[in-house]
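Student: Could you walk me through this structure? I am new to it, so please go slowly.

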Amino acid sequence: MPATTAFHWFLPTGGDARDLGGAAHGTGIGGAAAPAAADRPATLGYLTQLAQAADQLGYDAVLTPTGAHCEDAWITTAALIAATRQLRFLVAFRPGLVEPALAAQTAATFQRLSGGRLLLNVVAGGSDAEQRGYGDRLGHDARYARAGEFLDVVRTAWRGTPYDHAGPHYRIDGGHLRQPPEPAPRIYFGGSSDPALDVAARHADTYLTWGEPVEQVAEKIARVRALAAARGRSPRFGLRVHVLSRATAARARQDAQDLIAGLDDAAIAAGQQRLRALESVGQRRMLDLHGGRRDRLWIAQNLWAGIGLVRGGAGTALVGSHREVAARLAEYRDAGVDEFVLSGYPHLEEAYTFAEHVRPLL
């Protein structure tokens, strides 16, 4: 990847919407029941339209999430290879739900069929309950330990030479990936807990964090950078955040409020209870930014946490005029962020808004 700043977009494989009234992507994270039907379902036609728009608009890649709330990331992105030209696919998947030798082979096949357009977002999993629904019984810290060993095997397999492996979670005798990927996909990895940061220091080519205030992001970057440097590594750093920019700050703030206008106090309380039950340290950090209160959603200049009232994962948005959003992104860049994984509701329209009005200012 070039040393310049990279801008990625997001594929809402759980469905898209114009507001957060229960049918938008991410509002089903951590939920026991099926989410409401999306206003704009994640059909192959819509996802193709969005991927082609991202390709034409010059986004470097699109992140495709993983989890029970969305479509399978591998199948979805494979279906989009032939419909795009240069766009890369940042495919999220969970170690532990697939054997590492098979994952190495799957990635190698995708890399060949796409002409080298695969990036891997390794997600250890932030919900014990959801993991158990897949048959995985490990707890939070053990999942990160397994993820580290999983990546040890994957990177070994990608060398293309015969190997054996014996560890706490995997045993492989006579492993051999006969057609290794060229180039090997970059590994994106996130997490805020101590076990997560240890794995990131060992394996992340790009460390991802959610949109906290710039001072907190800078602190986390410094910590991961030091841990990685102790292992002789120098990862890049990425920020996962929503964007909502308009011609004026007043219009942007009004549109942000419209996103949550359909949420009553009961819906917010239910969303907060659902998300508080997750074991993810990063999720708790997101929730602590606002505490579920409507009067605490502006947590820093142009940084709004309304999305996190009911959406799991990335819960903040940069909201303001085009120039204000560009200025805030520049501050994150100065703090050490090399890549931005962006999104907005609805994702097709907001992809155009950011590419046409904000990115030229950067």
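Tutor: Let us start with a term: contact means heavy atoms within 4.5 Å. Helices (H or I, at least four residues) and strands (E, at least two) are DSSP runs, numbered from the N terminus. This is a predicted model, in which local features need pLDDT of at least 70, side-chain atom pairs count only at pLDDT 80 or more, and totals for chains, interfaces and linings use all residues. Residues are numbered from 1 along each chain as its sequence is written, and side-chain values use heavy atoms, with hydrogens and water left out.

Student: OK, which residues of α11 meet α12?

Tutor: From α11 they are His-322, Val-325, Ala-326 and Leu-329, and they meet Thr-353, Phe-354, His-357 and Val-358 of α12. Sorted by class, this contact has five nonpolar, three polar and no charged residues, where Ala, Val, Leu, Ile, Met, Phe, Trp, Tyr, Cys and Pro count as nonpolar, Asp, Glu, Lys and Arg as charged, and the others, Gly among them, as polar.

Student: And at what angle do the axes of α11 and α12 cross?

Tutor: The axes of α11 (residues 322-334) and α12 (residues 347-358) cross at roughly 85° and come within 10 Å, so α11 is roughly perpendicular to α12. Axes here are lines fitted to C-alpha atoms, for helices over the stretch in contact, and angles run from 0 to 180 degrees between N-to-C directions. Angles under 35 degrees count as roughly parallel, over 145 as roughly antiparallel, 65 to 115 as roughly perpendicular and the rest as oblique.

Student: What about α9 and α10, how do their axes cross?

Tutor: The axes of α9 (residues 265-276) and α10 (residues 281-288) come within 10 Å and cross at roughly 150°, which makes α9 roughly antiparallel to α10. Gln-272, Leu-275 and Arg-276 in α9 meet Gln-283, Arg-284, Leu-287 and Asp-288 in α10, and by class that contact has two nonpolar, two polar and three charged residues.

Student: Switching topic, how many aromatic pairs are there?

Tutor: The count comes to 12 aromatic pairs, with rings of Phe, Tyr and Trp (its six-membered ring) pairing if their centres lie within 6.5 Å, and planes under 30 degrees apart counting as stacked, over 60 as edge-to-face and the rest as tilted. One of the pairs is Trp-9 with Tyr-59, whose ring centres are 5.3 Å apart and whose planes are at 45°, so this pair is tilted.

Student: Where do Trp-9 and Tyr-59 lie?

Tutor: Trp-9 lies in strand β1 (residues 6-10) and Tyr-59 in the loop between α1 (44-57) and β2 (61-64), so the pair ties together parts that are 50 residues apart in sequence.

Student: Are those two buried or exposed?

Tutor: Trp-9 counts as buried at 0% relative accessibility, and Tyr-59 counts as buried at 3%. Buried means under 20% relative accessible area, exposed over 50%, and partly exposed in between (1.4 Å probe, protein chains only).

Student: Which charge lies over the face of Tyr-59?

Tutor: Arg-359 does, at 5.2 Å from the ring centre. The rule asks that NZ of Lys or CZ of Arg is within 6 Å of the ring centre and within 35 degrees of the ring normal. Arg-240 likewise lies over the face of Phe-10, at 4.5 Å from the ring centre.

Student: Last one: where does Glu-212 lie, and what is Glu-212 in contact with?

Tutor: Glu-212 lies in the loop between β8 (206-210) and α7 (214-229), and counts as buried at 2% relative accessibility. Leaving aside neighbours within four places in sequence, Glu-212 is in contact with Val-217, Lys-220, Arg-285, Met-286, Leu-303 and Tyr-332.
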